[in-house]
Amino acid sequence: MTRVLLVDDEPDLLEAWSFALEYSGYEVERARDGREAIAAMQRSVPDLLITDLMMPGMDGEALCRAVRERPEWAAIPIVLHTSAHVARPSGIVLWNALLRKPASMDQFLKTVAELTQGFGQGEDRS
Amino acid sequence: MTDSTSRSAEASAVGTADRAIFDRLIEPYLMLDPGLRVVFANRAWLAMFGETEAALGQCEHLIRALVANLHPGQRRLSPAFSLDTPDRAAATHEQPSRYWQIHVSHLPATADEPPLILLRFDDVTMHTLATRTERREKARLRSHARLRQILAREAEQRLHDHRVRFERALAFAGVGAWELDVGTGAVHCSEQCVEDLGLPDIAGLDRQKLFIEQPDPVAEHWQALQAKRSFECERCIDGARGRRWVLIRGTGQFADDGTMQSVMGFTLDITSRKERELELSATAGEERSGRERSEALAKTMDHFIAAVSHELRSPLNAIVSWAELLQVVADPSHVARAGEAIRRNGRQLSHMVDDLLDSGAVVTGKLSVHLQPVDIGALALNVVEDIRKTAEHKGLRLQTPHVEPCIVMADESRLEQVVWNLLTNAVKFTDAGSVSISVSTSDGQAVLTVQDTGRGIAPDALPDVFDRFQQIAPQSSGRVGGLGLGLWLVKNILSLHGGTVDVASAGRGQGATFTVRLPLDSNLR
């Protein structure tokens, strides 16, 4: 079963999207900020990371960098799900896909499916 | 004794013995008969004056005047007169004459002798010359003194003129002058100075009276004065002419040994200049503070807009997300769950929009309340249920340890807004632990408290908690935590109800307690 780590500080969004993922047959781990996400990844490495950008404590970008810096995690595909307009930093592929929040359910599930079928492809589909 | 013919011719009038005695006297003596013919001249006389006729010719008038009406037995004294002796007659003119004084005695006739006039010639040259010198000296001194007096008077007059002209110039320039004797504290100053310094009187001035405004500028600039530098300071003086600004300058006057003897200086009324200066700096200050205010306002507005968009977006995102979910789920229980989430987030959104609209109404003073009896206890429990889900999502316990029914006169929806804002605020700033709400009555008031175990409030931030747009370290958490309107609205709504809200916190990380007090409905009290 494909394991997805979902990170968002808004409880309602966390619940809605994890419900959608579970409904579509994924195993979902939840975290409310970057630190909780790192802790969860240390327990078990997910097949996909979906994270919000603006979160208290450790934000989405810091989480992406932390993941890319660890060799054992560097290949995990990341979806950045945010309502903010962000520019992709040059020189490093911090995230593989960027979804504008709130994404449509079709797009969301389609992106998740694509990234979980070709692990480590590192392709930005946004 | 002598070969003089005249002496032998008069021998009968003066006895030989008398002649011998007179000849032994050192003063010149001359004896005349009442017809002023020479009867006898003693040896000293002849030695001094030589031939009797020549000498007598010189002073005949004097002798005649002396003996006129001189009766037998009487004596007279002539004034001093000069009579050149033969040895001096040839002498140079530079040598002073000799001076003589004649003592005249009219010797009465005896039985065998006719009356005689006895003349004694006293040499008073020294005395006369001394007296004359003294007199001349005195006259000279007198004339010197008079000259000095005249000179002094002239100098005084000139000084006075100079001073008058100087003071007139100073007055024309509006400058007052003063001088302070360092040793005695005595003060001299011009009228302009007295006026400038707002002093009541020019008489009896001393250091204390001159510089009423403390600190005494001379004392204040003592070191500079000792270092032979002048000082300058501005003083604000409230006097009979109102508030004046005066420039005071002073400089030390030193004795040869280097000790400062006095301080001299000027005063100048600079009120108009100073007022313009103050006005300009006030204007500049106003402009600056105005600019700062508008910059701060712009910053607050930027922050506010960022906060509003984020806060509105959160429930909006949740609503859209759950709505998206409805497309894929068919199970009624899932549909109900989505519907509940949409309803909850919709309510939250609507509360926020209400807050925003109300904040405008508060600012324009148009926030109105429709008062009616409301049970604040029941109302609080309803709000608790609305928020329970949010609190539980954060892992917080939402507790209602003591809620009793309390009827207050209130606008129900406004009161709901108050409780909602206090509870969401507590949940927002509490990361772990619990949020408790209780309602009770005390002293004719309904008391509602919301207590949390959250981040707490630093003592210095407590007074600002109810200000608009104030949040605990809004930027430090990496995201904006709310509109910053909730507590401000709570305070304003409660004041419309005659109620109050207070906050207490033991500090950062120590949680906070908000206490609302509302008067109980008077009909039920």
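User: How do helix 13 of chain B and helix 14 of chain B lie to each other: roughly parallel, roughly perpendicular or oblique?
Analyst: In this predicted model, the axes of helix 13 (residues 376-393) and helix 14 (residues 412-428) of chain B come within 9 Å and cross at roughly 40 degrees. Angles under 35 degrees would count as roughly parallel, and 65 to 115 as roughly perpendicular. The two helices of chain B are therefore oblique.

User: Into what classes do the residues of the contact of helix 13 of chain B with helix 14 of chain B divide?
Analyst: The crossing of these two helices is right-handed. Helix 13 of chain B contributes residues including I376(B), L379(B), V383(B) and I387(B), and helix 14 of chain B contributes residues including L415(B), V419(B), W420(B) and L423(B). Charged E412(B) and E416(B) also take part. The division is 12 nonpolar, two polar and two charged.

User: Which element of chain A gives the largest share of the side that touches chain B?
Analyst: The contact between the chains takes 20 residues from chain A and 19 residues from chain B. The side of chain A divides into 12 nonpolar, three polar and five charged residues. Nine residues of that side come from one element, helix 1 (residues 11-23) of chain A.

User: In what order do the elements of chain A run from the N terminus on?
Analyst: Chain A has four helices and five strands. From the N terminus on, the order is β-α-β-α-β-α-β-β-α.

User: What percentage of the contacts in chain A with a separation of 6 or more is between residues 24 or more positions apart?
Analyst: Chain A has 126 residues, and buried residues make up 44% of them. Among contacts with a separation of 6 or more, the share from residues 24 or more positions apart is 61%.

Conventions: Residues are numbered from 1 along each chain as its sequence is written. Chains are lettered from A and ligands numbered from 1 in the order in which they are written. This is a predicted model: local features need pLDDT of at least 70, side-chain atom pairs count only at pLDDT 80 or more; totals for chains, interfaces and linings use all residues. Axes are lines fitted to C-alpha atoms, for helices over the stretch in contact, and angles run from 0 to 180 degrees between N-to-C directions. Angles under 35 degrees count as roughly parallel, over 145 as roughly antiparallel, 65 to 115 as roughly perpendicular and the rest as oblique. A crossing is left-handed if the near helix is turned anticlockwise from the far one by less than a right angle, and right-handed if clockwise. Two residues are in contact if their C-beta atoms, placed from the backbone, lie within 7 Å. A residue is buried if 20 or more other C-beta atoms lie within 10 Å of its own, exposed if 12 or fewer, and partly exposed in between; C-beta atoms are placed from the backbone.
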